[in-house]
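Colleague: I am new to this structure and would like to learn how to read its features one at a time. Could you take me through them slowly?

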Amino acid sequence: DDDIDLMMFRTDYRKLCEIAKYEFNSPYFFQNHQTDNVSYVIGKIRNSNTAAIDSFEDTSYNQGIFIDIWVLDDNSDGSIRNNSIREIKELLQKIISSPQEILDRINNGEQLLLSRTAIDKLMKMDFKQKIVEYELFCENHFGESSLLSYAFLPEGTRVYQRDWFRETVMLDFETIKIPAPIEYEKCLEVD
């Protein structure tokens, strides 16, 4: 892997997005779909004085060396409510990544958990607006499950127990101390 990966609860990530423009000064840059010309559903902290070229064809976005910030959202714990939330999240993901698939499902008569009016409204939004709607939905339903996983990964992928994050411990890393979940070893086993 060519970078450092961090994970944050959805609610903490939202706070980071709000303060990033005030807290990161050049050469550091907080990058996501709202701050740069990217389609990421994660955040990145980049050093603009460096280069880690993702694309030689598209140079319209910052390609400095980076730290990935993966967002942890609720993952269904099997309850009826969480299963419905999971289905809506998956539907929103498909509206963002594969809108034609959703239209085909509707045209084939499939009943979806969102109304046709809501789906049509979402379909008319540009990519970044759709991501914002997805993020708001996830944030509004954060804290309802005992399980967590990365945003936008298939349900059941990289699943963490919320309880693993109940406390933070400080770990030695090179010459500094970094915070980690109390059950960080279990988290590492998932990855």
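Colleague: Let me begin with a pair of helices: is the crossing of α1 and α5 left-handed or right-handed?

Modeller: Please keep in mind throughout that this is a predicted model. The crossing of α1 and α5 is left-handed. The residues that make this contact are R10, Y13 and R14 on the α1 side, together with Y134, E135, L136, C138 and E139 on the α5 side. Sorted by class, the contact of α1 with α5 comprises four nonpolar, no polar and four charged residues.

Colleague: At what angle do helix α1 and helix α5 pack, and how far apart are their axes?

Modeller: Helix α1, which covers residues 10–23, and helix α5, which covers residues 127–140, pack at about 130 degrees, and their axes lie 9 Å apart. That angle makes α1 oblique to α5.

Colleague: How do α2 and α4 pack, in angle and in the distance between their axes?

Modeller: Helix α2, residues 80–97, packs with α4 at an angle of about 40 degrees, and the axes of these two helices are 9 Å apart. The word for this arrangement is again oblique, because an angle counts as roughly parallel when it is under 35 degrees, and α2 is therefore oblique to α4. The crossing of α2 and α4 is right-handed. On the α2 side L91, L92 and I95 take part, and they meet I119, L122 and M123 of α4. The contact of α2 with α4 divides into six nonpolar, no polar and no charged residues.

Colleague: Which residues does L113 touch, leaving aside those up to four places away in sequence?

Modeller: With those sequence neighbours left out, L113 touches S84, E87, I88 and L91. L113 itself sits in the loop between α3 (99–107) and α4 (116–124). Taking I88 as an example of how sequence and space can be read together, L113 and I88 are 25 residues apart along the chain, while their C-alpha atoms are 6.4 Å apart.

Colleague: Let me turn to the cysteines. How many disulfides are there?

Modeller: The idea is to look for cysteine sulfur atoms that lie within 2.5 Å of each other, and by this rule the count comes to zero disulfides. For C138, the closest cysteine sulfur belongs to C17 and is 13 Å away, which is too far for a bond. C187 is likewise in no disulfide, since the nearest cysteine sulfur, that of C138, is 19 Å away, and the limit for such a pair is 2.5 Å.

Colleague: Is C138 buried or exposed, and what about C187, buried or exposed?

Modeller: C138 counts as buried, because its relative accessibility is 3%. C187 counts as buried too, with a relative accessibility of 5%.

Colleague: What should I look for in the backbone angles?

Modeller: The general idea is that most residues other than glycine have a negative phi, and that most peptide bonds are trans. With that in mind, look at the peptide bond from S26 to P27, which is cis, with omega near 15 degrees. P27 is placed in the loop between α1 and β2 (28–31).

Colleague: What is phi of F152, and what is phi of E174?

Modeller: Phi of F152 is near 75 degrees, which is a positive value in a residue other than glycine. F152 lies in the loop between β5 (147–150) and β6 (160–161), and with a relative accessible area of 22% this residue is partly exposed. Phi of E174 is also positive, near 55 degrees, again in a residue other than glycine. E174 belongs to the loop between β7 (168–173) and β8 (176–181), and with a relative accessible area of 73% E174 is exposed.

Colleague: Finally, how many helices and strands are there in the protein chain?

Modeller: The protein chain has six helices and eight strands, and from the N terminus on they run β-α-β-β-β-α-α-α-α-β-β-β-β-α. Of the 191 residues in the protein chain, 38% are buried. Among the contacts with a separation of 6 or more, 50% come from residues 24 or more positions apart. Along its principal axes, the C-alpha trace of the protein chain spans about 60 × 40 × 30 Å.

How values were computed. Residues numbered from 1 in each chain as written. Predicted model: local features only at pLDDT ≥ 70, side-chain atom pairs only at ≥ 80, totals over all residues. Heavy atoms only, no water. Axes fitted to C-alpha atoms, helices over the stretch in contact; angles between N-to-C directions. Helix = DSSP H or I, 4+ residues; strand = E, 2+ residues; numbered from the N terminus. Parallel < 35°, antiparallel > 145°, perpendicular 65-115°, else oblique. Left-handed = near helix turned anticlockwise from the far one by under 90°. Contact = heavy atoms within 4.5 Å. Nonpolar A, V, L, I, M, F, W, Y, C, P; charged D, E, K, R; others polar. Buried < 20%, exposed > 50% of the residue type's maximum accessible area, 1.4 Å probe, protein only.
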